[in-house]
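Visitor: I would like to learn how to read a few features of a structure. Please take them one at a time.

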Amino acid sequence: MKPDDNQCFRCGESLQDNPPPVPKGPELAHLVTERPEVRPMASREVAHEASERRSPVKAAREQDRHLERKEHELAEKEKAIVASVEQLEDDTRSLEDAIKRFDRDDEEMRERENILKQRELQLESLANKLEEAISQLETKPDAAGDIERLKQLSEDYSTRIGEERKRQKAQLDRDIEERLERLKNLQAFMAAAAAVSVTPREVEEPEAVQEERRELTEEEVAQAVAQLGKELEGQFGTPLQHPETAVISTKDERLDFILGGGIPVGHVVIVNGPAGTMKSTLSYYILHRAAVKSAKRSMYFSLEQKRDSLIRQMERIGMSLKDTAGGMVVVDMVDLRKATANEPGDWRAIMMRYVRNVHAQMPFDFFVLDSLESFKSMAQFEFTRESMKDLFDWFKELKITVLVITEKPIDILYQSVQGETYLADGVVEMQMKEFDDAKVYRWLRCVKMRGMQNDPRYYAFYHTGTEFKFSLPLVDSGK
Amino acid sequence: MRTYIQNFDESLQGGIPKGHVVLITGTPGTMKSSVSYSVLYQNALQNKTKSVYMTLEQSRENLLQQMHCMGMDKEEVKEYVHILDLGLIRKSLTQLSAKGTWLQVFKMYAESLKHSLNYELLVVDSMDVLEMAAQMGENRRTELFFLFEWLRNLGITTFLLSETAPEKMFENKYDEGYLADGVITLKLHELGETDIQRRIRAVKMRSTNHKTGYFSLLFNDGVFRATQVITE
């Protein structure tokens with residue numbers, strides 16, 4: 001048995017312990033460590049940037065993995081490039097051969113032309129000789145018969161010469177055509193080869209600029225500090241301007257009171273509560289009231305419930321979309337899928353682009369995201385605090401007031417790594433409270449509302465079929 | 001250093017000793033930002049103390065708007081209280097820098113600011129974000145220790161806002177409670193089934209003989225008040 005055999009020579013069984021040596025690819029590690037990826041210093045667009053940050057340790061690990069992947073990709077690319085270069089060399093060689101062949105053909109052709117000319121000359125001289133012979137014969141009367149025969153012969157001869165000429169000419173034409181065809185092919189081939197040799201270079205270029213994530217030198221730190229100072233200069237001693245704090249009233253006296261007057265424009269408010277606490281209904285209620293009573297436009301973005309089902313549900317409790325005269329838009333995932341078919345990017349980015357486009361066409365004041373959990377799960381990557389912050393910043397950029405519905409229990413939400421309750425401007429918590437064996441009430445409290453003196457107490461609430469009623473709970477707390 | 005939270009200073013024997021690093025912890029909605037801003041605001045009004053409020057997440061505009069709504073918006077304060085939004089810089093810096101660089105830049109900036117402004121009070125909102133930006137890893141405690149030391153050496157009184165729930169403050173995971181000179185916790189206290197009150201409590205304040213109990217925290221017309229809790 002030879003060392004390279006992967007089958008037993010006797011029984012034919014494969015020898016798994018002794019696999020055939022695999023040819024190794026070119027060593028490329030050094031190329032990779034010298035140029036890992038670079039990141040732009042300027043903050044990128046929120047939508048995309050949101051996607052790419054993680055917790056530090058994870059980020060480092062991620063970075064490592066990323067580098068490894070990059071290394072692998074580079075190796076693959078290098079292989080491809082080497083292959084294409086080899087191919088190119090082969091092509092060039094065959095090209096050279098073709099040109100040589102071409103030259104040979106040319107020479108051959110010329111030779112044949114020469115031969116043809118010589119033969120023509122020979123034929124002509126023969127014809128001349130014949131004519132001479134005929135004229136000589138004409139002088140001899142007894143040879144009249146012969147003359148006739150000879151004339152016949154000479155005519156035959158000239159026709160045959162004509163035929164021969166035609167044939168040669170056709171042959172030449174065909175050859176020339178063939179040669180032209182071959183030339184055209186060659187040209188096309190050259191163009192293709194040029195394209196192949198250019199593309200890989202283009203792919204390689206951006207990697208060449210890549211820089212390592214590294215410790216900054218002292219100078220750079222000083223620079224960064226100076227830059228920081230410059231950027232923040234404008235923030236010193238500037239008067240405490242009071243950006244006009246418009247507050248959107250919910251048009252429900254009691255609810256406004258609980259919130260401390262309403263929801264300040266541009267706030268991102270978390271509406272939290274377990275299933276069945278009427279989070280969606282309350283959000284819808286606020287939007288609907290705002291649309292009907294103060295002509296505020298709004299968008300309800302449902303990632304879970306179907307649009308039709310939601311609209312029907314709300315119609316049953318006296319909130320018809322028709323009352324809003326088009327001021328309120330309800331969108332679900334099906335709509336979104338239709339509107340963004342064939343678009344690249346992950347769902348989250350698509351969704352954000354969609355909302356932005358709608359906002360550009362029909363600026364709305366209120367936005368409801370139902371729910372944050374589904375939104376998080378739509379992203380294909382880990383959702384970090386920074387992503388959350390970016391999302392909220394993005395809402396603020398649009399200058400819309402946002403209600404974000406979440407289902408996680410509030411205690412878990414407080415501990416959440418994404419810190420949404422800290423990032424949000426307001427938190428409204430809804431609960432089911434059970435009393436005795438049979439009574440269950442829905443309770444609500446406004447835990448947080450930046451800039452407002454909200455009432456942090458619990459309120460019991462119920463829906464009358466047309467509107468919400470809030471009241472301080474009538475519970476004997478002694479028991 | 002008085003906090004100008006009525007009745008709370010008395011419980012601290014006059015206020016927070018200068019040069020202390022004080023943690024203010026609480027869940028969302030417990031008015032951490034408002035309380036700490038009020039300390040800066042009142043100190044500026046009463047003693048013309050210079051101070052810097054560094055916000056790492058909430059935007060400056062948003063914060064100003066919030067304080068305006070709370071009635072803390074007197075014009076004369078602008079000379080003394082500086083709100084700086086480090087959020088954007090944080091974004092650009094964390095992307096390019098290696099671990100530790102952010103903190104280095106932050107420290108150098110705060111130092112140069114100390115020279116030019118000579119502020120006496122610093123609020124960092126919030127510490128959790130600072131920690132994240134600084135990418136503190138396994139030796140969090142060591143790094144925090146050096147950070148706190150450095151803050152003390154600056155000769156300023158510092159308030160660090162922390163998002164840790166007060167009950168968890170002294171669990172093993174969180175070392176800052178042990179490292180800080182003072183811990184003030186804020187919470188929403190559920191009274192019986194329905195009522196909720198804001199509470200403030202000085203859990204720890206080195207070199208003072210402070211009262212340890214909870215006080216109700218009330219807010220009216222831009223002034224905070226702590227009162228004895230009255231229950232049942």
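Visitor: Which residue stands opposite B:Ser51 in E3(B)?

Guide: B:Ser51 stands opposite B:Val81. Helices (H or I, at least four residues) and strands (E, at least two) are DSSP runs, numbered from the N terminus. Two strands pair if DSSP finds at least two bridges between them. Here strand E2 (residues 51-55) of chain B and E3(B) run parallel and are joined by five bridges. Another of these partners in E3(B) is B:His82, which is bridged to B:Val52.

Visitor: Before going on, what kind of model is this, and how are residues and chains labelled?

Guide: This is a predicted model, in which local features need pLDDT of at least 70 and side-chain atom pairs count only at pLDDT 80 or more, while totals for chains, interfaces and linings use all residues. Residues are numbered from 1 along each chain as its sequence is written, and chains are lettered from A and ligands numbered from 1 in the order in which they are written.

Visitor: What is the order of the strands in the sheet of chain B?

Guide: The order is E3-E2-E4-E5-E1-E6-E7-E8-E9, an open sheet of nine strands with mixed pairing. At the edges are strand E3 (81-85) and strand E9 (223-228) of chain B, each of which pairs on one side only. On average, neighbouring strands of this sheet are turned by 25° against each other, direction ignored. Axes for such angles are lines fitted to C-alpha atoms, for helices over the stretch in contact, and angles run from 0 to 180 degrees between N-to-C directions.

Visitor: Which helix packs on the sheet at E2 and E3 of chain B?

Guide: Helix H3 (residues 60-69) of chain B does, and its direction makes about 140° with that of E3(B). Touching is judged by contacts (C-beta atoms, placed from the backbone, within 7 Å). The chain crosses from E2(B) through H3(B) to E3(B), a right-handed β-α-β crossover. Right-handed means that, with the strands pointing away from the viewer, the path from the first strand over the helix to the second runs clockwise.

Visitor: Is E3(B) enclosed or open, and why?

Guide: A residue is buried if 20 or more other C-beta atoms lie within 10 Å of its own, exposed if 12 or fewer, and partly exposed in between, with C-beta atoms placed from the backbone. In E3(B) five of the five residues are buried, so the strand is largely enclosed by the rest of the structure. In a regular strand the side chains alternate between the two faces of the sheet. On one side of E3(B) are B:Val81, B:Ile83 and B:Asp85, on the other B:His82 and B:Leu84, and all are buried. B:Leu84 counts as buried because it has 20 C-beta neighbours inside 10 Å.

Visitor: Which residues of H6(B) are buried?

Guide: They are B:Met127, B:Val129, B:Leu130, B:Met132, B:Ala133 and B:Ala134. Helix H6 (residues 127-134) of chain B is largely enclosed by the rest of the structure because six of its eight residues are buried. Just after H6(B), B:Gln135 has a positive phi of about 55°.

Visitor: Which residues have the most contacts inside the largest nonpolar core?

Guide: A nonpolar core is a set of buried Ala, Val, Leu, Ile, Met, Phe, Trp, Tyr and Cys residues joined through C-beta atoms within 7 Å. The largest has 132 residues, and A:Val269 and A:Val404 have the most contacts inside it. Beyond its neighbours within four places in sequence, A:Val404 is in contact with residues including A:Val268, A:Leu369 and A:Leu372.

Visitor: Where is A:Asp365 found?

Guide: A:Asp365 is in the loop between helix H10 (347-361) and strand E6 (366-370) of chain A. A:Asp365 is buried, with 21 other C-beta atoms within 10 Å. Among its contacts beyond four places in sequence are A:Lys296, A:Arg297 and A:Thr401.

Visitor: How much of chain A scores at least 70 in pLDDT?

Guide: pLDDT is the predictor's confidence in each residue, from 0 to 100. In chain A 74% of the residues score at least 70, and the average is 76. Over residues 42-53 of chain A the pLDDT is below 50. Residues 197-214 of chain A also stay under 50. Where pLDDT is low, the predicted coordinates should not be read in detail.

Technical notes. Two residues are in contact if their C-beta atoms, placed from the backbone, lie within 7 Å.
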